[in-house]
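The stops below are meant to be selected one after another.

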Amino acid sequence: MENSKKMNLWERLISIRGMGQVLTGTIGLIALCLLFSFLNPSFYSARNIGNLLRQIAPILIIGIGQGYVLITGNIDLSIGSVVGMSTMISATLMTKGMDPWIAVLVTLISCLGVGVLNGALVAKCKLPPFIATLGTMTVARGIAQIVNNNYNTDAIGEAAQGFRDFFYYGSVAGVYNTIWIALAIFLVFNFILSRTRTGRYIYAVGSNIEAAKLSGVNTDMTVIIAYVISSFCAAVVGLITCATAGMGTMDAGTMYEMYAVAAAVIGGISTLGGQGILLGTVVGAAIWGVLQNGLQFAGAPVAIRNIVIGTIVVVSVLLDVVIRTGRPRKKVLEDKTIPIQKAS
Amino acid sequence: MDEYIVEMSHISKSFPGVQALKDVSFQLKPGEVLALLGENGAGKSTLMKVLSGVYTKDEGEIKVFGQIVEDITPKKAQELGIAIIHQELNLCPHLSVAENIFLGREKTHSCILKDSEMNDEARNILKRLNVNIDPEAIVGELPVSQQQLVEIAKALSINAKVLIMDEPTSALASEEIEDLFGIIRKLKKEGCGIVYISHRLEELQYIADRVIIMRDGRYITSMDFKDTTMSEIISYMVGREIEDRFPRIDCERGKKIFEVQNLNAGRLVRNINLEIYEGEIVGIAGLMGAGRTETTRAIFGADPKESGRIFVDGKEVIINSPRDAIRSGIVLVPEDRRRDGLCVKLSVRENIALPNLDILCKDFGIVNRKKEYEMAEDTVRNLSIKLPSIEVDAASLSGGNQQKVVVGKWLARNSRIVIFDEPTRGIDVAAKVEIYNLMNDLKRQGIGVLFVSSEMPEIMGISDRIIVMCDGRITGELYSGEATENLIMEYATKFESKLTQKQAV
């Protein structure tokens with residue numbers, strides 16, 4: 001208690017675990033914003049900022065889901081297919097005349113099923129997460145294709161206008177709903193991860209699953225929860241995609257699992273588990289969005305955008321690895337001097 | 001009957017292919033320190049894992065505080081007041097000290113973690129243990145000895161009535177061991193029953209009240225510690241008398257084969273000069289953190305060096321990587337065999353072949369299978385490694401046999417210098433003697449042996465010459481005849497005083 005009083009705000013901020021990478025990322029983000037505003041004076045226009053945030057929102061949401069799974073030391077490759085599945089199921093049901101909100105409910109339930117399956121395969125059946133979710137990725141994409149007999153759906157129609165406004169077109173207090181949804185998801189899942197027992201177990205499982213198990217933690221359930229959250233986030237993004245396009249496309253969400261990994265790791269979540277915070281994912285998703293938006297504005301073709309973003313992902317993880325492998329070695333040496341200090 | 005707090009009767013447990021426990025019975029009284037002894041693979045850890053709910057028994061009955069308990073899980077064991085400190089550290093390195101202590105039993109207020117309360121309580125527990133660790137520190141950033149204390153704090157935080165310690169001192173320095181013994185005595189007074197598993201028999205005299213000895217998964221005997229002797233204990237453990245715990249052979253000292261001049265690498269390797277002659281074993285003694293491991297790693301090229309020259313058979317060799325060292329005839333048997341010494345997921349054959357692929361490969365880097373098998377079979381035979389086949393995973397062997405594989409893979413090639421770092425850590429008495437005999441064989445063949453050890457009797461019993469290090473420097477050198485524990489300790493604690501350092505600056 002006395003300690004925390006002595007610390008000023010800045011010290012308290014950087015003492016939060018994982019904040020280091022978030023701050024580094026933030027600096028990168030600011031630099032990018034400066035660069036693009038220089039290249040393109042209308043970068044800061046209200047219109048562009050609004051669009052930019054609306055581009056970032058889905059990436060943030062799936063990044064949060066992937067973040068949960070990565071912190072447990074696993075990976076979820078099925079995210080993109082679940083986005084597609086969510087889009088196709090909701091759109092198909094709505095074109096068949098189902099009430100949009102019931103369609104949303106059915107969609108969420110079926111997508112959470114994928115999460116439960118992922119979690120069970122990894123936790124209970126001990127499959128390597130890469131293989132297990134590679135399988136469900138393919139299956140979920142298949143489901144996305146089969147729900148409307150291998151066709152994209154027709155427009156979801158007038159009846160679904162409320163649905164489309166809720167997820168994409170509407171705004172509250174001058175801010176698009178999509179952004180509010182992303183913010184709400186971030187706040188809720190950040191709270192769960194940082195302040196509740198479930199969150200603590202997610203870190204513990206990723207840090208040392210054996211120790212967690214021996215401490216009485218239900219590690220299987222913890223892993224399943226992480227995968228279910230990931231599928232939930234993907235399902236929400238699928239609904240947003242459906243609302244945006246006003247129809248269901250079978251290849252919606254392709255590659256999103258990788259975008260989600262990128263947003264999470266740029267923000268400092270370790271793919272080895274146990275490390276990172278969701279605030280980092282916000283920064284990661286923002287860097288992603290700014291790059292897409294800025295490069296597009298600067299007239300760079302898609303190919304160049306892909307190359308730049310891919311490079312950024314590798315470099316940011318590389319930086320992280322360099323910092324981490326540089327650090328522990330030094331730490332050990334420092335630690336070993338402790339008995340010496342005692343003796344003198 | 002109710003004088004016992006734990007009674008395990010006729011416990012059996014088998015794993016696929018192995019009968020780990022056969023009809024074992026075990027009792028623990030309140031307020032006693034019970035030393036559970038036996039060689040590696042005797043079943044001590046398995047028995048304690050059954051008691052703490054990690055494994056489920058196949059047969060038998062467990063009574064805790066007079067009540068028959070079925071289906072123990074780790075959680076249930078905690079609730080019964082049984083705490084276990086496992087041999088391998090079982091902490092989450094990314095979480096804080098307090099988070100680890102309360103893992104699985106977090107305090108919450110309507111689902112929200114009460115972190116500051118847990119931190120305060122953790123601070124109190126650590127204070128009770130007399131250790132100065134910040135409860136908010138990240139466990140992975142603490143030195144291993146402090147992590148061990150966190151494990152103990154975690155065990156105590158559940159108000160354990162039964163405390164099981166599996167090799168608690170293997171990572172501690174002597175000062176910390178004394179603190180630990182103080183804690184054990186205190187808990188004993190409070191009525192705790194303590195089960196103490198250790199290979200360091202020397203420690204028992206300070207704490208043990210009673211011993212139970214196991215061998216090959218069976219209960220052998222139980223006796224009061226004061227009525228027995230070390231050699232009696234050892235003969236029960238091994239099942240035969242060990243005539244000589246530290247076999248020593250005498251060899252003529254030959255020519256100088258290895259020399260290190262002015263080696264510097266970081267603050268724990270400062271100005272090291274040493275030489276090794278044919279037919280001698282040189283031991284490096286010192287406290288934890290004296291820079292012994294760092295020195296061996298710098299010689300071997302595993303860590304970068306700042307300066308220094310190394311000579312093998314009078315010729316200077318340039319060593320920038322372990323690859324260079326191996327080519328020059330220097331090999332290192334590392335301290336932490338699971339981390340540095342073995343690829344645990346590979347077979348014993350592959351492990352033995354790994355550093356010798358240059359010998360085993362034909363043109364175009366194709367491995368000569370026949371030679372590889374021969375090499376592995378020879379090594380297994382020469383070192384009498386106990387295993388079902390050379391194709392089993394290295395992970396499946398017992399500690400002593402793993403260590404033999406680590407040693408064996410280096411002996412399969414002709415080296416000039418073999419460096420051992422804590423070669424007998426965590427292995428049993430009989431296996432230790434086998435390792436000593438191996439070192440003696442090398443000595444007889446005229447190969448230089450350099451070995452680091454924290455166990456005084458071992459270093460005095462085996463080496464012909466002892467180099468003592470303190471704080472990254474060599475502070476003394478002794479021949480086996482003149483070495484005493486006191487003398488070694490004196491050198492090992494010869495720290496530069498802060499005053500002279502200041503003057504030097």
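Begin in chain B with strand E15 (residues 281-286) and strand E20 (residues 448-452), which pair in the parallel sense over four bridges. Within this pair, B:Ile281 stands opposite B:Val449 of E20(B). Helices (H or I, at least four residues) and strands (E, at least two) are DSSP runs numbered from the N terminus, and two strands count as paired if DSSP finds at least two bridges between them.

This is a predicted model, in which local features need pLDDT of at least 70 and side-chain atom pairs count only at pLDDT 80 or more, while totals for chains, interfaces and linings use all residues. Residues are numbered from 1 along each chain as its sequence is written, and chains are lettered from A and ligands numbered from 1 in the order in which they are written.

Axes here are lines fitted to C-alpha atoms, for helices over the stretch in contact, and angles run from 0 to 180 degrees between N-to-C directions.

**The four-stranded sheet of chain B**

Next, select the open sheet with the strand order E14-E13-E16-E17 in chain B, where the pairing is antiparallel. Strand E14 (272-277) and strand E17 (315-317) of chain B stand at the edges with a single partner strand each, so one side of each has no neighbour in the sheet. Neighbouring strands of this sheet are also turned by 20 degrees against each other on average, direction ignored. Strand E13 (residues 256-264) of chain B joins E14(B) in the antiparallel sense over five bridges. Look there for B:Leu263, which stands opposite B:Ile272 of E14(B).

**Domains of chain B**

Colour chain B by domain: domain 1 (6-238), domain 2 (244-329 + 414-505) and domain 3 (338-413). These bounds come from an automatic or database domain assignment. The centres of domain 2 and domain 3 of chain B, taken over C-alpha atoms, are separated by 25 Å. Eleven residues of domain 2 of chain B are in contact (C-beta atoms, placed from the backbone, within 7 Å) with eight residues of domain 3 of chain B. On the domain 2 side, helix H16 (residues 429-444) of chain B gives the most, with three residues.

Then pick B:Gln403, found in helix H15 (residues 399-411) of chain B. Is B:Gln403 buried or exposed? B:Gln403 counts as buried, because 29 C-beta neighbours lie inside 10 Å. A residue is buried if 20 or more other C-beta atoms lie within 10 Å of its own, exposed if 12 or fewer, and partly exposed in between, with C-beta atoms placed from the backbone. Leaving out residues up to four places away in sequence, B:Gln403 touches B:Arg337, B:Pro423, B:Ile427 and B:Ile435. B:Thr424 is 21 residues from B:Gln403 in sequence and 7.9 Å away in space, C-alpha to C-alpha.

**Strand E9 of chain B**

Move to strand E9 (residues 162-166) of chain B: five of its five residues are buried, so E9 is largely enclosed by the rest of the structure. B:Val162, B:Ile164 and B:Asp166 are buried on one side, and B:Leu163 and B:Met165 on the other. Strand E6 (residues 82-85) of chain B runs parallel to E9(B), joined by four bridges, and B:Ala83 has B:Leu163 as its bridge partner. E9(B) also pairs in the parallel sense with strand E10 (residues 193-197) of chain B, over five bridges. There, B:Asp166 is partnered by B:Ile197.

**Helix H7 of chain A**

Finish in chain A with helix H7 (residues 129-146). Its buried residues include A:Pro129, A:Thr133, A:Met137 and A:Ile143. The buried residues of H7(A) pack against helix H5 (79-95) and helix H6 (100-124) of chain A. On the face turned away from the buried side, select the exposed residues A:Ile131 and A:Ile146. Just after H6(A), A:Lys126 takes a positive phi of about 60 degrees.

Terms used
Contact = placed C-beta atoms within 7 Å.
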